[in-house]
Structures are given as structure tokens and as C-alpha cells.
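User: Got a model to go through with you. Can we take it piece by piece?
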Amino acid sequence: MLKQKIVVIKTHDNKTITIKEENKINVLLSVINNSKVWTGPVTTPSTLYKMNLFDSSNKRIAEILYNLGNYFSIEINNKSFELTNIDKESLNTILNK
């Protein structure tokens, strides 16, 4: 597991949500870890949430785009992945403040 400190989320309507609570960050990491890597073609709808995950040194370690409830586009260590089968219910516990 990554040593994390903060998640900053920018919504489609330019609101910012900052998450520092360890349990909420762990929910996000769990949703990511339990998603499946998608290898097929991707239709890119507009991004609903743009999330940046920072480590305990305040260095950005991942950028995650959440696309209209369908999948994550995630970039970590300069590699990009598309993730699907997202647990939307768990994710909504941290996105709906």
C-alpha cells in the first residue's frame, strides 16, 4: 500500500474537495485496488472528478480521472491504466461530503 497523506479532488463544476482522513483515503485505495484493469477500447466521456493522490511528503503519486461512473483513468509512476468494475457505492462515501 502507498504511504499516503492527502487526496485533492476537483469536481466537474470546479469545486475542490480535500480529504485528509486516513479511513476515507483507504476507501479510495481499496476501490482502486479492487477494480479491474481494462484492456479494450475506451470511449472517453467528460471527466466527473479529477483526483490527485499525494504521499506524506506532499509529492503527487497518482492522478485519477473518474469518468461518469464508468471507469478510472489512472496515471501512476508515469504509466496509465483504465480501471473498470468500480465500487461506486464505496466511492460515493468519500465523494459526497
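User: Start with Thr11. Does Thr11 count as buried or exposed?

Analyst: This is a predicted model, to be clear. Thr11 has a relative accessibility of 9%. The cut-off for buried is under 20%, so Thr11 counts as buried.

User: Where is the place of Thr11?

Analyst: In strand β1, which covers residues 4–11.

User: And which residues is Thr11 in contact with, leaving aside neighbours within four places in sequence?

Analyst: Ile17, Leu48 and Tyr49.

User: Switching to helices. At what angle do α1 and α2 pack, and how far apart are the axes?

Analyst: The angle is about 150 degrees, and the axes are 9 Å apart. Helix α1 spans residues 22–33, and helix α2 spans residues 88–95. The angle makes α1 roughly antiparallel to α2, because angles over 145 degrees count that way.

User: Left-handed or right-handed crossing?

Analyst: Left-handed, as α1 passes α2.

User: Which residues meet there?

Analyst: From α1, Lys24, Val27, Leu28 and Val31. From α2, they meet Ser90, Leu91, Thr93 and Ile94. The residues of this contact divide into five nonpolar, two polar and one charged.

User: What is the phi of Asn77?

Analyst: Near 50 degrees. That is a positive value, and Asn77 is not a glycine.

User: Where does Asn77 lie, and is Asn77 buried or exposed?

Analyst: Asn77 lies in the loop between β6 (71–76) and β7 (79–84). The relative accessible area of Asn77 is 66%, so Asn77 is exposed.

User: How does Asn85 count at 49% relative accessibility?

Analyst: Partly exposed. The exposed class needs over 50%.

User: Last one, Ser57. Where is its place?

Analyst: In the loop between β4 (49–55) and β5 (60–67).

User: Buried or exposed, for Ser57?

Analyst: Exposed, with a relative accessible area of 59%.

User: And what separates the C-alpha atoms of Ser57 and Ile6?

Analyst: A distance of 10.0 Å. Along the chain, Ser57 and Ile6 are 51 residues apart.

How values were computed:
Residues are numbered from 1 along each chain as its sequence is written. This is a predicted model: local features need pLDDT of at least 70, side-chain atom pairs count only at pLDDT 80 or more; totals for chains, interfaces and linings use all residues. Side-chain values use heavy atoms; hydrogens and water are left out. Axes are lines fitted to C-alpha atoms, for helices over the stretch in contact, and angles run from 0 to 180 degrees between N-to-C directions. Helices (H or I, at least four residues) and strands (E, at least two) are DSSP runs, numbered from the N terminus. Angles under 35 degrees count as roughly parallel, over 145 as roughly antiparallel, 65 to 115 as roughly perpendicular and the rest as oblique. A crossing is left-handed if the near helix is turned anticlockwise from the far one by less than a right angle, and right-handed if clockwise. Contact means heavy atoms within 4.5 Å. Ala, Val, Leu, Ile, Met, Phe, Trp, Tyr, Cys and Pro count as nonpolar, Asp, Glu, Lys and Arg as charged, and the others, Gly among them, as polar. Buried means under 20% relative accessible area, exposed over 50%, partly exposed in between (1.4 Å probe, protein chains only).
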